[in-house]
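Please read these points with the model open beside you.

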Amino acid sequence: MTPLAHDRYCDEIAHQIALLRQVVTSGADLSGTVPTCPDWSLEELVRHTGGALRWAELMVRTRAAEEVPEEQVPGVAGPEAVGDAAALDAWLAETGEQIVATLREAGPDAKVWGWAGIQSSGFWARRMTHEITVHRADAALAAGLPYDVAPEVAADAIDEWLQIVEYVQRTEPQDVVGELVGPGSSIHLHATDTGPDLNAEWVVELTEEGVRWRRGHEKATVALRGPLTFVLLAFYRRLPLDAEELEVLGERELLEFWLERATFG
């Protein structure tokens with residue numbers, strides 16, 4: 001499927017940052033563990049997300065020809081004060097203004113180093129949209145706050161992740177994702193709350209050569225059904241497969257096998 005328009009990604013990054021800032025200033029315990037990223041506290045999650053945005057912003061702004069070390073990124077670690085929601089919020093606000101302005105100025109076609117074989121600013125607009133969209137889910141779940149995402153953004157996040165799986169299989173055959181092979185095995189992701197215009201269904205085939213996927217409705221070895229936001233979160237291992245909003249039909253073990261090997265973030 002065709003990615004979203006560059007300006008749409010820029011708009012969504014700004015929107016997601018605003019929503020993440022709401023979590024930070026909601027009174028949630030910044031020192032509390034994030035259930036979906038248990039190695040991090042909520043504050044550490046927010047600092048990671050903001051730092052990733054600042055890293056991407058610097059590379060796009062400087063038209064970096066190679067990866068920039070994180071320690072060269074100004075303000076990447078966030079405010080000095082720990083546990084200060086106001087300082088963290090201000091840092092996020094500045095981060096958002098910087099990356100959105102830089103991406104808009106660059107447009108989608110500026111040549112910039114990218115780790116997935118796509119050397120353009122457009123890659124970073126898309127990647128950072130989904131980076132913050134999913135980590136905002138982590139933050140909302142940790143804070144006990146509701147979470148939803150625009151259907152076209154959720155569908156594009158699934159598209160992008162499947163493309164990343166394909167890329168890793170091609171370039172890093174030793175990675176655990178290389179185990180996702182097997183003729184005759186397939187996964188069907190089916191959003192139950194969207195219209196035909198979005199076509200929010202995916203067929204993922206595990207072939208002898210690797211993963212192949214397409215949008216569409218077809219019978220598969222296992223199917224994951226539910227509202228699109230919940231399918232997205234389960235696909236990123238942010239929700240358990242037995243969540244009440246979801247339904248798994250067929251060989252659940254295959255879906256679990258996939259999720260254990262194809263989740264990178």
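This is a predicted model: local features need pLDDT of at least 70, side-chain atom pairs count only at pLDDT 80 or more; totals for chains, interfaces and linings use all residues.

**Notes on the fold**

1. Trp258, leaving aside neighbours within four places in sequence, is in contact with Leu162, Val165, Leu180, Ile187, Val204, Leu206, Val211 and Phe235. Contact here means heavy atoms within 4.5 Å. Trp258 belongs to helix α7. Helices (H or I, at least four residues) and strands (E, at least two) are DSSP runs, numbered from the N terminus. Trp258 counts as buried because its relative accessibility is 2%. Buried means under 20% relative accessible area, exposed over 50%, partly exposed in between (1.4 Å probe, protein chains only).

2. Residues are numbered from 1 along each chain as its sequence is written, and side-chain values use heavy atoms, with hydrogens and water left out.

3. The largest nonpolar core holds 87 residues. Such a core is a set of buried Ala, Val, Leu, Ile, Met, Phe, Trp, Tyr and Cys residues joined through side-chain atoms within 4.5 Å. Leu42, Trp124, Ile158, Ile187, Trp202 and Trp258 have the most contacts inside it. Helix α5 supplies the largest share of this core, 11 residues.

4. Which residues does Trp202 touch, not counting those up to four places away in sequence? Among them are Ala155, Ile158, Asp159 and Leu162. The list also includes Ile187, His188, Leu189, Trp213 and Leu228.

5. Five strands form an open sheet in the order β5-β4-β3-β6-β7, with mixed pairing. β5 (210-215) and β7 (247-250) stand at the edges, each with a single partner strand, so one side of each has no neighbour in the sheet. Neighbouring strands are turned by 15 degrees against each other on average, direction ignored. Two strands pair if DSSP finds at least two bridges between them.

6. Strand β3 (residues 185-191) is mostly covered, with six of its seven residues buried. β3 pairs with β4 (residues 201-207) in the antiparallel sense over six bridges. His190 has Glu201 as its bridge partner in β4. β3 and β6 (residues 222-226) run parallel and are joined by five bridges. Ile187 has Val222 as its bridge partner in β6.

7. β6 also pairs with β7, in the antiparallel sense, over four bridges. The partner of Leu224 in β7 is Val248.

8. Two helices lie on the sheet strands. α5 (residues 151-171) lies across β3, β4 and β5, at about 155 degrees to β5. α6 (residues 228-235) lies across β3, β4 and β6, at about 130 degrees to β6. Axes are lines fitted to C-alpha atoms, for helices over the stretch in contact, and angles run from 0 to 180 degrees between N-to-C directions.

9. Is α6 mostly covered or mostly exposed? Mostly covered: seven of its eight residues are buried. These are Leu228, Thr229, Val231, Leu232, Leu233, Ala234 and Phe235. They pack against α4, α5, β3, β4, β6 and α7 (252-261). Arg237 follows α6 and has a positive phi, near 60 degrees.

10. The axes of α1 (residues 6-24) and α4 (residues 121-143) come within 9 Å and cross at roughly 25 degrees. α1 and α4 are therefore roughly parallel. Angles under 35 degrees count as roughly parallel, over 145 as roughly antiparallel, 65 to 115 as roughly perpendicular and the rest as oblique. α1 passes α4 in a left-handed crossing. That term applies if the near helix is turned anticlockwise from the far one by less than a right angle; clockwise is right-handed.

11. Thr102 sits in helix α3 (residues 85-106). Its relative accessibility is 8%, so Thr102 counts as buried. Thr102 touches Glu57, Val60 and Arg61, not counting residues up to four places away in sequence. Thr102 and Glu44 are 58 residues apart along the chain, and their C-alpha atoms are separated by 25 Å.
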